[in-house]
Amino acid sequence: MIRSRRKLIVSGIAAAAGASGLAAAARLAQKYGLIPPDHGGIYGPGETLTYATQRLLTRHSLAREFSRSQISPRPFPDELAPLTEDFKRLQARGFADWRLSIDGMVHQPASFSIADLKSYPSRSHITELACEEGWSYIAEWIGVPLSHVLHLVGVHPQARYVVYVSMEPDTWDSIDMADALHPQTFLCYGMNGSELPIAHGGPLRMRVPRQIGYKNKKFITRLTVTDNLKRFGKGLGCDACEAGYAWYTGI
Amino acid sequence: MAIFGPEAKIVVFGSGRLPADRLAASRVPTAPVTKPAPRHSALVRVTHWITTLCFFALLLSGIELLISHPRFYWGETGNVLTKPLFQLPIPSSRRLVPTGYGYVLPDQNGWSRALHFEAAWVVVLTGLLYVISSLLTRHFRKDLVPCKADIPWRKLLASFTKPLRLQRPSAAETSSYNGLQRLTYLFVIFVLFPLVVWSGLAMSLGFASAFPWSVTLLGGRQSARTIHFFVSLALVLFLFVHILMVCLAGFWSRTLAMITGRIGTAKERT
């Protein structure tokens, strides 16, 4: 009897310690940006574990790069929704009027033409684009690092995410600052030595090589820097999240 | 008594080397101890059923993910514009995958990916708990590492053909595993399970950025995916044989042993 009471007290203390430990861990995780916006629901714990672990492991790691000889001869662009009339109008003028606007938590909201973006230091990497379905290809991606453009407009220190919006209807996504400031994250306007083909999202696509294909949105026209994703769509961080897909896709 | 013949011989041959607990185990039918140790420890039972649950979640979501691209490749890259190593003759949930079927299945990849990764987390943590605590309690040494007397080819072959002839296991096998079972469990725990986790993680772009060798050693991203598929197949094969053997040995007595820890009565066994 005494033994079982002692056992009960010990397990009670252990449970209380465990619960408060978990609460403290959750607060710390929130503080260090280890909780993804889609942390709710039955799959929330899995999403959070993956995101937190990968953020601790990969904050500064680089996506694998390949040699020129490994570039896929026929990169598969995947299905493309019919182009909108607005897009066709811009296309007819060679995308001379294409603008990328940046707003939100920045010192100087601005907008850039493709020519502006091309005038900034150009970078390239040969990386693999991998779709969540399982297929992949390797290409050379040419663009301006997103961090360069963010530095030009001046990001507020409390900024946590960059939301990017596509010209395709209801198509948007977001990444955290670790990915936004990552040296391999590009506003991408070229591929395999030439212009970015329309099938691959030309004139401008987001290239996040440490995440799955669908985070690499095509036809980017707007960036919004924010500290809170709640105000965007259903607050889950991306359009695909509203169809049950994960926000963080480093896995 | 004829059934006990070979078992009795082993005891005689190996008596100098057999650990005491296994000797005791082989005597259980004739000399019951007043307070027997459970057939399976509480840790083995809990981790077994958590793993079972995760296995089915991973299998279901894995098949669902596979349907979106039932083609496999070798090397770093592969897509519908490249020649596959092989393609499964099933319909797909993506319109651009050439399958020969006139219809496209609905896309279920959102929750399938979420379930796959969440179940993977639980099963990996459970597996770590099982392996670490089993090392501490010497579970592997006591229950799974075969004795020398257990692993001559003739004996292993006998363990293999006996169930094929639909012969029930001997009484001694109620409280302990035979050599073939021991080797199979060790193979699943220390080869197949780590390999399926490794090949799965190699497909994670984030993980691969931190540990690029994890992909290179497997021969590339698409090779990792193909290996993941075949190791999963091997695990499913193990599951089938495992369930078949449980049925042959007495489904309820063995299942109850894995739930309550106690071995069924002699009546249940026969």
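Guide: Two residues are in contact if their C-beta atoms, placed from the backbone, lie within 7 Å. Helices (H or I, at least four residues) and strands (E, at least two) are DSSP runs, numbered from the N terminus. This is a predicted model, in which local features need pLDDT of at least 70 and side-chain atom pairs count only at pLDDT 80 or more, while totals for chains, interfaces and linings use all residues. Residues are numbered from 1 along each chain as its sequence is written, and chains are lettered from A and ligands numbered from 1 in the order in which they are written.

Visitor: Which residues of α8(B) meet α11(B)?

Guide: From α8(B) come Val188(B), Leu192(B), Leu195(B), Val196(B), Ser199(B), Gly200(B) and Ala202(B). Their counterparts in α11(B) include Ala224(B), Ile227(B), Val231(B), Leu235(B) and Phe238(B). For classes, Ala, Val, Leu, Ile, Met, Phe, Trp, Tyr, Cys and Pro count as nonpolar, Asp, Glu, Lys and Arg as charged, and the others, Gly among them, as polar. The contact of α8(B) with α11(B) has 11 nonpolar, four polar and no charged residues.

Visitor: At what angle do the axes of α8(B) and α11(B) cross?

Guide: Axes are lines fitted to C-alpha atoms, for helices over the stretch in contact, and angles run from 0 to 180 degrees between N-to-C directions. Here the axes of α8(B), residues 179-202, and α11(B) cross at roughly 145° and come within 8 Å. A crossing is left-handed if the near helix is turned anticlockwise from the far one by less than a right angle, and right-handed if clockwise; α8(B) passes α11(B) in a left-handed crossing.

Visitor: How many residues of each chain are in contact across the interface?

Guide: In this model, 36 residues of chain A are in contact with 31 residues of chain B. On the side of chain B, the elements that give two or more residues are α4 (109-136), α9 (205-210) and α11 (221-260). The most come from α4(B), with nine residues. By class, this side of chain B has 13 nonpolar, 11 polar and seven charged residues.

Visitor: Let us turn to chain A. How many helices and strands does chain A have?

Guide: Chain A has six helices and 10 strands. A residue is buried if 20 or more other C-beta atoms lie within 10 Å of its own, exposed if 12 or fewer, and partly exposed in between, with C-beta atoms placed from the backbone. Of the 251 residues of chain A, 42% count as buried.

Visitor: Which strands pair with β7(A)?

Guide: Two strands pair if DSSP finds at least two bridges between them. Strand β7(A), residues 186-191, pairs in the antiparallel sense with β4(A), residues 136-145, over five bridges, and Val144(A) has Leu187(A) as its bridge partner. Three bridges join β7(A) to the antiparallel β9(A), residues 205-207, where Arg207(A) is the partner of Phe186(A).

Visitor: Are β7(A) and β4(A) mostly buried or exposed?

Guide: In β7(A), five of the six residues are buried, and in β4(A), nine of the 10 are buried. Strand β4(A) also pairs with β3(A), residues 123-130, in the antiparallel sense over eight bridges, and Thr127(A) stands opposite Ala139(A).
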